[in-house]
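Hello,

Here is the structure I promised to pass on to you. Have a look at it first, and then read on for what turned up.

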Amino acid sequence: MAPVNAGKRVKGVQIHRPFIYGTTARPFNDTDNVRPPGVPADHTHSWTVFVKGVEDTEIFYWLRRVQFKLHESIPNHLRTLDAETISKENETKPPSKRQKGFAVHETGWGEFEITIKLYYDSKSGEKPQTLYHHLRLHPYGRTEAEKEAMRNNGTGEVVAWTYEEQLFNEPYEEFYKILTTGARDKGTPAPGGGGKGKGKGGKVAAAEENNVKGDVKERSAMIPLQTRPGQPFSREAEQLEIKRIREGEEKVQDMILQMTRSHKAKEAELAALKEANAA
Ligand code: SLL
C-alpha cells in the first residue's frame, strides 16, 4: 500500500502506542492439550503468534494489517490478517469472543524465526515495518529459575512476548485526530462509531496523569500500573527492570573499581621488581 499524503503534519508532536507481540506455545498432552485429529504425529506443540494491544485494548484503529511469514515447511506459510475482516467477523460474535489483535494459531515441532510485517492506517502515511520474532517451544535459560520464568506461572505455556511502542512522529493531522480522539474506559463503545468523530481527545493526557487506579483506557498510550497474571507489562514491571539495571550498573562499577585497584597494585609490584632487578 503506497503511503498517501494526508495533508499537514502536526509539528513537534510524537504520539506513541504500546503493543505486545510474540508467541505462546504449549506441548501436546493427554489431558488439556490433546493433539487434534489430522495433526501429524511428529507435531509436538500448539502455538500462537500474535500482535495485540496492552491488556487487549484495541489496535485496529492504527494497525490495519499484519503479515506473518512462517517457516516454509508450514503449508501456506504467508498469513495476512486484515483488521477490517477481523472486525466484520467480530460483529457476529459475543463481546467476550471478539478478537482484539492479530493472531495465527499453528502446530509444529520446531522453532524458527517469524517475520511480522505491520501495515498502518493509510491516513498515517507510514511505510510498513518489519519485526522479527523467534518462536519458542521450549523454555530456555541458564538457570531453572530463568526457565521457569518462561513457563507463565505454571500454566505449561512457553511465553516469548515483547513489549514495543509504535512511534508516530509529527503525524498527519487527520491521523493525529484518529489517534487522539476517543480515549475511553475499556468495554465502552467507540465515540462517533469508529472514533473518527466527536472529540474527547483532550482528555487523553488528563486520563494518563490521573491514572491512579491503573485502569488502561482504550485508544490511549497507557500501560497498567500493576503486573497481573497474563499481563506482564506494567509500570511496576518497568520500575523493577530499572532497579535491576541500576543494580547491574552498580555491580559493574564496583568490579571496575576492584580491577583498577588490583591493576594498580600489580603495576606497583612490577615497578618494585624491575627496580630490584636493575639494582
Ligand atoms: C529446526 N530450523 O530445525 C528449524 C526448523 C521448522 C518447523 C523448524 C513444521 C510444521 C508443519 C514445523 O514445525 N516446522 O509441518 O506444519 O528446528
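This is a predicted model: local features need pLDDT of at least 70, side-chain atom pairs count only at pLDDT 80 or more; totals for chains, interfaces and linings use all residues.

A word on pairing before the details: two strands pair if DSSP finds at least two bridges between them.

E113 has H134 in β7 as its bridge partner. Both strands belong to an open sheet of four, ordered β4-β3-β6-β7 with antiparallel pairing. Its edges are β4 (78–82) and β7 (129–134), each of which pairs on one side only. On average, neighbouring strands of this sheet are turned by 20° against each other, direction ignored. Helix α1 (residues 83–91) lies across β3 and β4 and runs at about 60° to β4.

Stepping back, the chain holds five helices and eight strands, in the pattern β-β-β-β-α-β-β-β-α-β-α-α-α along the sequence. Of its 279 residues, 25% count as buried. Among contacts between residues at least 6 apart in sequence, 62% join residues at least 24 apart.

The largest nonpolar core has 37 residues, and V51, L63, V66 and I116 have the most contacts inside it. At least two residues each come from β1 (14–27), β2 (45–53), β3 (63–69), β6 (113–120), β8 (158–169) and α3 (173–180).

Around the ligand you will find H71, S73, I74, G108, W109, G110, E111 and F112. This shell divides into three nonpolar residues, four polar and one charged.

Finally, two backbone spots to check. Most residues other than glycine have a negative phi. E55, however, has a positive phi near 55°, and it is found in the loop between β2 and β3. Is E55 buried or exposed? E55 counts as buried because it has 21 C-beta neighbours inside 10 Å, and the cut-off for buried is 20 or more. R219 is not a glycine either, and its phi is positive at about 55°. R219 is found in the loop between α4 (203–209) and α5 (235–278). With 26 C-beta neighbours inside 10 Å, R219 therefore counts as buried too.

Enjoy looking around, and write back whenever you like.

Best wishes

Definitions and conventions. Residues are numbered from 1 along each chain as its sequence is written. A residue is near a molecule or strand if its C-beta atom, placed from the backbone, lies within 6 Å of it. Ala, Val, Leu, Ile, Met, Phe, Trp, Tyr, Cys and Pro count as nonpolar, Asp, Glu, Lys and Arg as charged, and the others, Gly among them, as polar. A nonpolar core is a set of buried Ala, Val, Leu, Ile, Met, Phe, Trp, Tyr and Cys residues joined through C-beta atoms within 7 Å. A residue is buried if 20 or more other C-beta atoms lie within 10 Å of its own, exposed if 12 or fewer, and partly exposed in between; C-beta atoms are placed from the backbone. Two residues are in contact if their C-beta atoms, placed from the backbone, lie within 7 Å. Axes are lines fitted to C-alpha atoms, for helices over the stretch in contact, and angles run from 0 to 180 degrees between N-to-C directions.
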